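These are my notes from a first look through this model, kept in the order in which I looked things up.

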Amino acid sequence: MMSSSFPVVRLKPKANARAIRHGFPWVYDNELVIDRRTKKIPAGSIVLLEDGERRPIGLVAFNAGSRIACRMLERDVEATIDRKWLTAKFVRAREMRDRLFDAPFYRLVHAEADGLPGVIVDRFGDVAVIQPNAAWSEVLLDEMVAALVAATGVTTVLKNGSGRARGLEGLDEDSRVMVGTAPDAPVPVVMNGATYMADLTGGQKTGLFYDQRPNHGFAAGLCKDAKVLDVFSHVGGFSLAALAGGAAEAMAVDGSAAALALAEEGARQAGVSDRFSTRKGDAFDVLTALAEEGAQFDVVICDPPAFAPSKPALEKGLRAYERVARLAAPLVKEGGYLGLCSCSHAADLAKFRGASVRGIGRAGRQGQLLHTGFAGPDHPLMPQLAESGYLKSLFFRL
């Protein structure tokens, strides 16, 4: 396919073409020449991106209605973006995960970092859950699903259309079964010796957060014979790993009764129900109540949702992270451990660490920072794109 068959979009003369040539994957709407012709290009179209001097840069996915107007797909402007091209991307992603993990339970595609911008795929054995969060992936979804099946051999593909990212692209919240049959019960997933129940159709995001796997493992190593508190636990991420690591007892706190029920089922399947308890409620309220009750734990871990999902929310988000640390620190026994996590890409590591340390200090405690963790290797970083490294986890000894 010749490059001339694609619609052309052009950078403004002052836009930084070099950054894009050197690997930055996005072009923002204010960097492009947007005229009546460009505005008419349907969202999700594949177009040829040129610099201000009309030299080709690459093939990009275009959406005039998004702040991220172009997402780089292919540097070779003669390439064809079709099922064969997509299959090669999925095969490349699968080969790396199969080297890293002994069972096919992992994030298979981590968007830009795996060369499929805006696309998330989590794999649960024979089931894959795809989140097409950019317009181009919605347009090519049928081809993408066929390529996914060809590259992995999964028998069921579920589309999850929920989430903030799709709204920013002008996409609806459509979720459905693309291939096969949706599982009629939560799927058990074994990680770090713990069993997690993933609700692939009604749960958060794709049903389970694989990104915390190495941090769950690190935390479990601190928890032998310990009394553990897991706040914002979702389906029991840190608490079930702690029990697998030999914790004496663990309590999971979450606002969702459904998530806690899945945590309890995971504990039952792993045979640790007798050491596991749950407490439903707003995390801040429960932390406050536990302090009033005089509760003390050897290990406390807080893994809240993204308090700073965007730059405008940053200051408010940092205050929330500080508050989590301030309320959690008093619950940690002298010489015990406090784990604090953030999945907000707008709050970088230094800002999150600063907020956490301020909170610990305001609680009248002092901490040694002994470990800084990130997302697992099935969530690779695109070095040019800071947003792909969103997860931070800090472990302090107080």
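I began with the lining of the largest cavity, which consists of Ala61, Phe62, Asn63, Ile68, Ala69, Cys70, Arg71, Ala134, Ala135, Trp136 and Glu169. A cavity here is a set of points, on a 1 Å grid over the protein atoms alone, where a 1.4 Å probe fits but cannot get out, and lining residues have an atom within 4 Å of a point. The model is predicted, so I noted that local features need pLDDT of at least 70 and side-chain atom pairs count only at pLDDT 80 or more, while totals for chains, interfaces and linings use all residues. Residues are numbered from 1 along each chain as its sequence is written, and side-chain values use heavy atoms, with hydrogens and water left out.

The volume of this largest cavity is about 40 Å³, where a volume is the space filled by probe spheres set on the points, and grid points are joined across faces, edges and corners. Its lining divides into eight nonpolar, one polar and two charged residues; Ala, Val, Leu, Ile, Met, Phe, Trp, Tyr, Cys and Pro count as nonpolar, Asp, Glu, Lys and Arg as charged, and the others, Gly among them, as polar. S4, S5 and helix H4 (135-139) each supply at least two of the lining residues, and S5 gives the most, with four. Helices (H or I, at least four residues) and strands (E, at least two) are DSSP runs, numbered from the N terminus.

I then turned to strand S5 (residues 68-74), where seven of the seven residues are buried, so the strand is largely enclosed by the rest of the structure. Buried means under 20% relative accessible area, exposed over 50%, and partly exposed in between (1.4 Å probe, protein chains only). Cysteine 70, for one, has a relative accessible area of 0%.

Which strands pair with S5? Strand S4 (residues 56-62) pairs with S5 in the antiparallel sense over four bridges, and strand S2 (residues 26-28) is joined to S5, also antiparallel, by three bridges; two strands pair if DSSP finds at least two bridges between them. I found arginine 71 of S5 as the bridge partner of alanine 61, and tryptophan 26 stands opposite arginine 71 as well. Between S4 and S5, which form a hairpin, there are five residues.

Next I looked up the second largest cavity, which holds about 30 Å³ of space and is lined by Cys302, Pro304, Tyr321, Val324, Leu340, Cys341, Phe352 and Ser356. Seven of these lining residues are nonpolar, one is polar and none is charged.

For cysteine 302, the nearest cysteine sulfur is that of cysteine 341, 8.2 Å away. Cysteine 302 is itself buried, with a relative accessible area of 0%.

My last entry concerns backbone angles. Phi is positive, near 55 degrees, at asparagine 192, in the loop between strand S11 (187-191) and strand S12 (194-198), and asparagine 192 is partly exposed at 36%. Phenylalanine 232, with phi near 60 degrees, lies in the loop between strand S13 (227-231) and helix H8 (237-244) and counts as buried at 15% relative accessibility.

Note on methods:
A disulfide is a pair of cysteine sulfur atoms within 2.5 Å. On a 1 Å grid over the protein atoms alone, a cavity is a set of points where a 1.4 Å probe fits but cannot get out, and a pocket is an open set with protein on both sides within 12 Å along at least five of seven lines; lining residues have an atom within 4 Å of a point.
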